[in-house]
Amino acid sequence: MNMIQNIKRGEATRSAYGAATSTYKILKNGTVVRIRQIQAKDKHGIQLGMSQMSPQSRRNRFFSAIKNLPDQTLRDLVEVDHVNHDAWVAVTGPLHFPRPVGVARYVRDTHDPHIAEIAIAVVDTFQSQGMGSIFADVLLEAARNRGISEFMAVVLANNEKVLAMARKYGATRQFLSPGEYEIRAQVDAMTQPALD
Ligand SMILES: CC(C)(COP(=O)(O)OP(=O)(O)OC[C@H]1O[C@@H](n2cnc3c(N)ncnc32)[C@H](O)[C@@H]1OP(=O)(O)O)[C@@H](O)C(=O)NCCC(=O)NCCS
């Protein structure tokens, strides 16, 4: 079980980065998405997003096809300190009725704060439209501003999309256990995709 799958509840510190501002991006299919830092109120949105992911996508993200996250896990995913653990959500649709598109997060290594484990999840109907790459940009910018020099992730060996994405960013992969790879990438060496 890795850090991201089993987030321990951290001390809630007041964040230097917590002021939520939104940015807007356009996906390849023309959908306008709004991206902002996660907030405690996003519990429902996360659960809704989970219900819109296929069993395979949920397995790829959580290593289990779990559909309804336990309440404590949901809280751990949204009540972040924005320093050691931060996350961004992407939504689309009207402000009063946003539809979840995806979420990206990093959690710093408790022993080495320059290393962070990352995870990205995009609901199935929005996959392969550039959302994952936009999230990678968001994580890269945060890393550069916050002294994170290395990203790592544990991924299923048959998760072709994320392995292709890792290759695109120049990450290295290592056998971790049967069916799992550990992916690592130096933030400075990661190439920025030309998405806007
Ligand atoms: C992996 C995931 C985050 C990628 O997000 P996405 O929005 O589909 O990604 P993008 O459209 O930005 O594509 C990024 C790269 O992924 C790869 N990719 C995307 N769709 C692909 C497909 N259908 N087949 C193969 N590779 C694909 C490509 O390398 C692509 O780069 P390119 O657009 O320059 O070719 C998304 O598929 C997902 O949420 N999967 C389920 C959860 C998961 O596996 N999370 C990762 C483990 S933490």
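This is a predicted model: local features need pLDDT of at least 70, side-chain atom pairs count only at pLDDT 80 or more; totals for chains, interfaces and linings use all residues.

Q: What holds paired strands together in general?
A: Strands of a sheet pair through backbone hydrogen bonds, and they may do so parallel or antiparallel.

Q: How do you know that strand 4 and strand 5 pair, and in which sense do they run?
A: Seven bridges join strand 4 (residues 99-108) to strand 5, while the cut-off asks for at least two. So the two strands count as paired, and they run antiparallel. One place to look is R105, whose bridge partner in strand 5 is A119.

Q: How many bridges link strand 5 to strand 6, and what is their sense?
A: Strand 5 pairs with strand 6 (residues 150-156) over three bridges, in the parallel sense. Here you can look for E117, whose bridge partner in strand 6 is M152.

Q: What makes up the right-handed β-α-β unit?
A: Its parts are strand 5, helix 4 (residues 131-146) and strand 6. With the strands pointing away from you, a path from the first strand over the helix to the second that runs clockwise is called right-handed.

Q: Why is A153 called buried?
A: The cut-off for a buried residue is 20 or more other C-beta atoms within 10 Å. A153 has 21 C-beta neighbours inside 10 Å, so A153 counts as buried. This residue is found in strand 6.

Q: Which residues does A153 touch, not counting those up to four places away in sequence?
A: A153 touches E117, I118, A119 and I183. A153 and A116 lie 37 residues apart in sequence, yet their C-alpha atoms are 8.5 Å apart in space.

Q: What makes strand 5 mostly covered?
A: Seven of the eight residues of strand 5 (residues 115-122) are buried. For the protein chain as a whole, 31% of the 196 residues count as buried.

Q: How many residues surround the ligand, and which are the closest?
A: The shell holds 23 residues, and the closest are N60, Q127, G132, S133 and A164. Helix 2 (55-62), strand 5, helix 4, strand 6 and helix 5 (160-168) each give two or more residues to this shell. Helix 5 gives the most, with six residues.

Q: What classes of residue make up the shell around the ligand?
A: There are ten nonpolar, nine polar and four charged residues in the shell.

Q: How many helices and strands does the protein chain have, and what is their pattern?
A: The protein chain has five helices and eight strands. Along the sequence they follow the pattern β-β-α-α-α-β-β-β-α-β-α-β-β.

Methods. Residues are numbered from 1 along each chain as its sequence is written. A residue is buried if 20 or more other C-beta atoms lie within 10 Å of its own, exposed if 12 or fewer, and partly exposed in between; C-beta atoms are placed from the backbone. Helices (H or I, at least four residues) and strands (E, at least two) are DSSP runs, numbered from the N terminus. A residue is near a molecule or strand if its C-beta atom, placed from the backbone, lies within 6 Å of it. Ala, Val, Leu, Ile, Met, Phe, Trp, Tyr, Cys and Pro count as nonpolar, Asp, Glu, Lys and Arg as charged, and the others, Gly among them, as polar. Two residues are in contact if their C-beta atoms, placed from the backbone, lie within 7 Å.
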